[in-house]
Amino acid sequence: MISSRKEKTFNLLFIVPALVLFLVFNLYPLLRTIQLSFFEWNGIDKDMLFIGFAQYKHIIFSNPAFWKSMWNAAYITLLCLTLQNGLALLLAILVNRQIKGENIFRVIFFLPPVLSGIVVGLIWKFIYDGNFGILNTCLISLGFEQFKDFAWLSEIKTALSSVAVVHMWKGFGYGFIIFLAGLQTIPNELYESAEVDGANKWQQFINVTVPSMIPVFTMVSVLTVLGAMQIFDLIYSMTQGGPAGHTDVPITKIYQYMNNGEFGYSTAMAVVFGMLLLIVSLIQFYVSKKIKN
Amino acid sequence: MNMLKKKSFLDIITYVILIVVAITCIFPVFWMLSSSLKTNEEIFKNMSLLPETWQWGNYAEAFLKAKFGMYFLNSLFYTIVGVGAIVIITSMAAYAFARLEFWGKNILFFLLISTLLIPIPGAFVPLYLLLKSLHLLDTRTGLLLCYISGGIAFGLFLLKSFFEDLPKEIEEAALIDGCSRFGIYWKIALPLAKPAVATLVIIQCLNIWNEFLLALVVLQDTSKMPIQRGLMVFQGTHMTDYPLLMAGLTIATVPIVIIYLLLQKHIVKGITAGAVKG
């Protein structure tokens, strides 16, 4: 349909509300973040002090607490990439074997991702509770007396891993659903012709399933990294970053600096963190392209 | 014979793994429900799976005294208004991008969905400052505007391709009959897009109902807080009142689980559309 000049202008009205919201609430905050990251500013004063890259330098070279929080998030992310996605793939393959009750398992496995981070965090905080959590009660009744009054979330050794377990519990169903959808798009003929060629189940998995699933693997791993690195609700509801920063993650750090009124510094940290996330995502896409060729 | 044995052995292993994982998924939710109906003494003393006597009174107390009723209504308000606005705003724009001609169409589309591809962590810091300068900090409007703008990219992405796949003939006929462009969008295209709109509605319901960080940054006044925020307020002041806390968690969870069970096919569609295509 060819439109006249007048129509072309009138048609713009359809996108005006979306465009205005985007400009004011998405684009402006992004530009403002970059601008503020070069200033020292407490959010109240009229004057903002331009200090160039000083805050970036400080974050990158002299803020071990920030790098500690990056490491904490990276630790959770690595566990998710291996254990959580491994489990998700295994379950997807099992459910894809045309078993009875496929839909029931699908509904149950996707229940944790539907729950809010706060709800999940608070339920598990109760389960982990040192004095009257059911986890310790079970462990003690199995004969592990050493867990009497053991506070999982306040011990330096266990706090981060305990939170990571909850994040994986909440997240594996997400990967499972995507893997299952991916498996179901692989045409049956591919397996049939592999079978004709005498390939056993394992060879079929390596030669048919894995190559067809590479784009899905990439997508799931990118989403896993973005989700786990930006973890916040679970940390906030379970440990608030404690004990002594051992479960701090980048978003809790940015939030803390903002709460202290260090707006320039917190935005600089957001930019550093955002750039690192972008680089990691791009590397993942690049590697997947290399493997595919 | 051997093959059959091997197959049924594999089936047993499959079911054992699936059932163990399924129980692990359900148990924490079951534990929340069960604990919400216990007395505080029961929580501290024994670990029976079910309450001795079911304390339904906990829910009355949670709704009224612990203010979960108020938080619940707030969440309902944010979710309904936010999702409604997202549907109208994004479907209008998506229709235009799919069907109409205007200046800078392609560039604008990629600009608008770019937030799907580029992670912007810590956007809450400039949003806080923006709302402050607009005098919208600690207001319902301010929080809603953040939620609505957060849903635009996904909505556009989902609906545009759906509108493109609709047959053009009906719309062309309506145009010849003198129907206006807006009339065609509203009366013909939008009703036809129901399946995609349903997916968008459910995904955004989950997003807004479960959102916490923006509610934390934007709101101070408890009477405006959504339930996720209310749960943290309650937990902060009544550390060890576990039955009431668990009742609050249940109240925050029931609507989302009902929507999920009724419409899970649409949720799965939304998730896989976003992930596999993206």
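Domain bounds here come from an automatic or database domain assignment. For chain B that assignment gives domain 1 (2-36) and domain 2 (66-277). The model is predicted, so local features need pLDDT of at least 70 and side-chain atom pairs count only at pLDDT 80 or more, while totals for chains, interfaces and linings use all residues. Residues are numbered from 1 along each chain as its sequence is written, with chains lettered from A and ligands numbered from 1 in the order in which they are written.

Start with the two domains of chain B. Their C-alpha centres lie 35 Å apart. Contact means that two C-beta atoms, placed from the backbone, lie within 7 Å. By that test, 4 residues of domain 1 of chain B meet 6 residues of domain 2 of chain B. The domain 1 side of this contact has 2 nonpolar residues, 2 polar and no charged. Here Ala, Val, Leu, Ile, Met, Phe, Trp, Tyr, Cys and Pro count as nonpolar, Asp, Glu, Lys and Arg as charged, and the others, Gly among them, as polar.

Next, the contact between the chains. Chain A puts in 68 residues and chain B 67 residues. Helix H2 (residues 16-36) of chain A supplies the largest share of the chain A side, 12 residues. Helices (H or I, at least four residues) and strands (E, at least two) are DSSP runs, numbered from the N terminus. The chain A side divides into 50 nonpolar, 14 polar and 4 charged residues.

Now the interior. A residue is buried if 20 or more other C-beta atoms lie within 10 Å of its own, exposed if 12 or fewer, and partly exposed in between. A nonpolar core is a set of buried Ala, Val, Leu, Ile, Met, Phe, Trp, Tyr and Cys residues joined through C-beta atoms within 7 Å. The largest such core has 157 residues, and Met269(A), Ala93(B) and Leu156(B) have the most contacts inside it. Helix H4 (residues 68-99) of chain B gives the most, 15 residues. Both domains of chain B contribute, so the core lies between them. Beyond its neighbours within four places in sequence, Leu156(B) contacts residues including Ala18(A), Ala93(B) and Phe97(B).

An α-helix has 3.6 residues a turn, so residues three or four places apart point the same way.

Chain A has backbone features to check in its loops. Gly242(A) and Pro243(A) are joined by a cis peptide bond, with omega about -10 degrees. Pro243(A) lies in the loop between helix H12 (233-238) and helix H13 (250-259) of chain A. Gln240(A) is in the loop between H12 and H13 too, and has a positive phi of about 55 degrees. Gln240(A) is partly exposed, with 13 other C-beta atoms within 10 Å. Asp149(A) has phi near 60 degrees and counts as exposed, with 11 C-beta neighbours inside 10 Å. Most residues other than glycine have a negative phi, and most peptide bonds are trans.
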